[in-house]
Amino acid sequence: MKQKDTVLHETNCGVQCTEKLRMSVGGLVLFGLVTEVVLPVWTVQEAGVASQVACASRCSQHDACGGFQWNSSSCFLVVVASVPGAVNGAMTNAFRLNSYRTNYHLYEFPPPPGGIDPANALATCRNNSMDLVPYPVTLKDRASLSIRQTRRLFVDMIRASDGSYVTLSSGVPVPNTAIYGWMPGSPDGGIGRCIGMGGPDLLFFDFNCSYTTTNAGVICVYSTLQ
Ligand SMILES: *[C@@H]1O[C@H](CO)[C@@H](O)[C@H](O)[C@H]1NC(C)=O
Ligand SMILES: *[C@@H]1O[C@H](CO)[C@@H](O)[C@H](O)[C@H]1NC(C)=O
Ligand SMILES: *[C@@H]1O[C@H](CO)[C@@H](O)[C@H](O)[C@H]1NC(C)=O
């Protein structure tokens, strides 16, 4: 098991703890250590942070932070590319904010050695009582998913025959505006109906649903109580 969760209770936030933090996370934020992070991530360095817990707290409060790294003296927040001053660089280990969207927790399986297709990614999650990761909503969600062990991931989304988007798992409509950016070459004219995300900027791509790839991992979610 490569993931290890650390729990940051609001009582540990010290002076940095704000009402906003309490409201947005219901008092509990979960960070998990991700090793072998495969792609470079965007980071900003935070000044005046004295401990790992304080660094976690800074990440919780930052609107575009999805994880952090504390190197025993400095705090680096993993953010989305649009944050002023963000620099892109390799970071092999980082704590990922596993609190996702409003009430989910992220769980990443080790990359399947023989590769995987969307149907088996969905089945892997379901066989373990989880769901395939839904598209990110907030900047924090996007930054969280930028910390991962595979270059690409399958998202719980498929393009319907009328060109609209629905969830792969249950056919629930997804707003077209959920797709904030495509990778070069996508969308491919409607041939590929399954939807994934990839690259350091976490952009969308579409592909043939029969496509098995060793580039993609399985990231699932499970519900948490708020
Ligand atoms: C932590 O990062 C800072 C800023 O890049 C650097 O100056 C320092 O040497 C690093 N410390 C360790 C222990 O790696
Ligand atoms: C999921 O479980 C079913 C039923 O046990 C099994 O046939 C299938 O191979 C499993 N799929 C994956 C990807 O684990
Ligand atoms: C998707 O891939 C399968 C298997 O390679 C192929 O049979 C099928 O024609 C492809 N579908 C499209 C729409 O390209």
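In what sense, parallel or antiparallel, do β8 and strand β9 pair, and over how many bridges? In this predicted model, β8 pairs with β9, which spans residues 104–108, in the antiparallel sense over two bridges. Across this pairing, Y100 stands opposite Y104 of β9. In general, the strands of a sheet are joined through backbone hydrogen bonds, in either a parallel or an antiparallel arrangement.

The pair belongs to an open sheet of four strands, ordered β8-β9-β17-β10, with antiparallel pairing. Its edges are formed by β8, residues 99–100, and β10, residues 131–132, each of which pairs on one side only. The protein chain as a whole comprises four helices and 17 strands.

Of the 226 residues in the protein chain, 38% are buried. The largest nonpolar core has 30 residues, and those that touch the most other members are L132, V133, L153, V155, M157 and C220. At least two residues of this core are supplied by each of α3 (118–127), β11 (152–159), β14 (194–198), β15 (203–207) and β17 (219–223). The largest share, four residues, comes from β11. Apart from this core lies another, of 24 residues, which includes W42, A56, V79 and A94.

When its neighbours within four places in sequence are left aside, C220 is in contact with Y107, C125, N128, M130, D131, L132 and V133. Two of these partners, L132 and V133, are themselves among the core residues that touch the most other members. Over the whole protein chain, 70% of the contacts between residues at least 6 apart in sequence join residues at least 24 apart.

Two ligands are also present in the model. Ligand 1 is surrounded by N71, S72, S73 and S74; this shell consists of four polar residues, with no nonpolar and no charged ones. Around ligand 2 stand N120, A123, T124 and N127. The shell of ligand 2 contains one nonpolar and three polar residues, and again no charged residue.

The mean pLDDT of the protein chain is 87, and 87% of its residues reach 70 or more. Residues 1–26, by contrast, have a pLDDT below 50, although this stretch has 44 contacts in the model beyond near neighbours in sequence.

Terms used:
Residues numbered from 1 in each chain as written. Chains lettered and ligands numbered in written order. Predicted model: local features only at pLDDT ≥ 70, side-chain atom pairs only at ≥ 80, totals over all residues. Near = placed C-beta within 6 Å. Nonpolar A, V, L, I, M, F, W, Y, C, P; charged D, E, K, R; others polar. Pairing = 2+ DSSP bridges. Core = buried A, V, L, I, M, F, W, Y, C linked by C-beta atoms within 7 Å. Buried ≥ 20, exposed ≤ 12 C-beta atoms within 10 Å, placed from the backbone. Contact = placed C-beta atoms within 7 Å. pLDDT = per-residue confidence, 0-100.
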